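Trainee: I would like to learn how to read a model like this one. Can we go through it feature by feature?

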Amino acid sequence: MLDDYQQVVEAIKTLKVRGAPAIGIVAAYGMAMAVCKFEKYDKRFIDVVAEKFYSSRPTAVNLFLAVDRMKTKLFSETPQNIESAAKLMWHEASSIHNEDQQMCESIGKNGAELISVGDTILTHCNTGALATGGIGTALGVIYTCRDQGKKNRIFAGETRPVLQGARLTAWELKQEGIPVTLICDNMAGMIMKQGRINHVIVGADRIAANGDTANKIGTYPLAVLAIHHNIPFYVAAPSTSFDNSIKTGAEIKIEERPASEITNGFGNVIAPEDIEVYSPAFDITPRELISFFITENGILPGGRS
Ligand code: MRU
């Protein structure tokens with residue numbers, strides 16, 4: 001239970017809340033929490049709070065968009081007292097939340113049109129209800145296919161180093177009764193070569209104006225493998241993950257995570273002490289490796305379509 005905006009910032013930093021849409025939504029509620037604790041109405045304090053959220057995680061654009069939207073709301077409406085400022089902020093945060101839920105539904109419906117009965121889908125990281133305000137993006141497509149009776153099988157990559165695929169996606173799909181097979185990330189090529197994958201669907205943390213896409217580390221190699229094996233590769237994402245202010249993926253800031261997540265992730269020491277580690281949390285998949293973008297507004301062509 002979090003009752004202070006600083007705890008919310010910490011929850012985002014430490015991945016207690018993660019997934020691009022979810023961190024945007026939670027940051028918006030965190031901004032509302034900060035306003036509730038105002039002693040007097042102070043615009044400068046809101047800038048300080050916003051900065052704390054901006055610096056919590058750098059890659060997912062949804063967080064920046066949500067925080068900016070909260071600030072704009074507050075500054076444009078000039079509420080008369082703290083109570084009405086707090087009301088305004090809670091209302092805006094829950095609008096962001098509800099809109100994300102709606103976007104997930106539409107992404108699910110649009111994406112399901114690309115999937116046939118019995119197809120097998122490979123996904124990476126976690127893009128479901130634990131990463132969004134609704135049914136999810138890539139997983140939203142999978143849930144919608146299930147609701148349509150398509151009987152698909154899912155392969156979930158475990159997603160090193162912190163295992164969002166194993167801990168979250170495999171769990172979510174199992175809860176929903178969807179057939180899921182967990183694989184280590186480095187098994188994807190073999191399974192594609194065996195002809196067992198019909199589609200790859202992933203989410204996104206930030207999509208540049210040219211379509212280059214930042215998503216969880218390990219996404220780019222899947223896109224390279226998919227093109228080699230002639231398997232369509234889809235990015236499922238809401239409009240809040242598109243960042244038209246940057247031209248290409250080269251401008252996306254990639255978060256680096258602590259070495260301990262690799263060397264000592266879940267309590268077991270698995271590497272020599274003081275070993276040098278490089279741990280980017282995301283990679284960039286160039287547009288030319290992406291078949292289609294699945295958005296709430298429809299299917300958009302990537303560079304492979
Ligand atoms: O580091 P995480 O767990 O926040 O990374 C999450 C991802 O990369 C997801 O694939 C992405 O945010 C899309 S969530 C709908």
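Trainee: In which loop is P161 found?

Mentor: Elements first: helices (H or I, at least four residues) and strands (E, at least two) are DSSP runs, numbered from the N terminus. P161 is in the loop between β2 (153–157) and α7 (164–175). The peptide bond from R160 to P161 is cis, with omega near 5°.

Trainee: What should I know about the source?

Mentor: This is a predicted model: local features need pLDDT of at least 70, side-chain atom pairs count only at pLDDT 80 or more, and totals for chains, interfaces and linings use all residues. Residues are numbered from 1 along each chain as its sequence is written, and side-chain values use heavy atoms, with hydrogens and water left out.

Trainee: How many residues surround the ligand?

Mentor: A residue counts if one of its heavy atoms lies within 4 Å of the molecule. Here 17 residues do, and the closest are R57, Q164, D205, N215 and K216.

Trainee: Which polar side-chain atom lies 2.8 Å from an oxygen atom of the ligand?

Mentor: A polar contact is a pair of N or O atoms within 3.5 Å. One such atom belongs to D205. The side chain of Q164 also has an N or O atom 2.8 Å from a ligand oxygen. A20 places a backbone N or O atom 2.8 Å from a ligand oxygen.

Trainee: What is phi of T78 near?

Mentor: Phi of T78 is near 35°, a positive value in a residue other than glycine. T78 sits in the loop between α4 (61–77) and α5 (82–112).

Notes: Polar contact = N/O pair within 3.5 Å; in protein donor to acceptor, adjacent residues only side chain to side chain.
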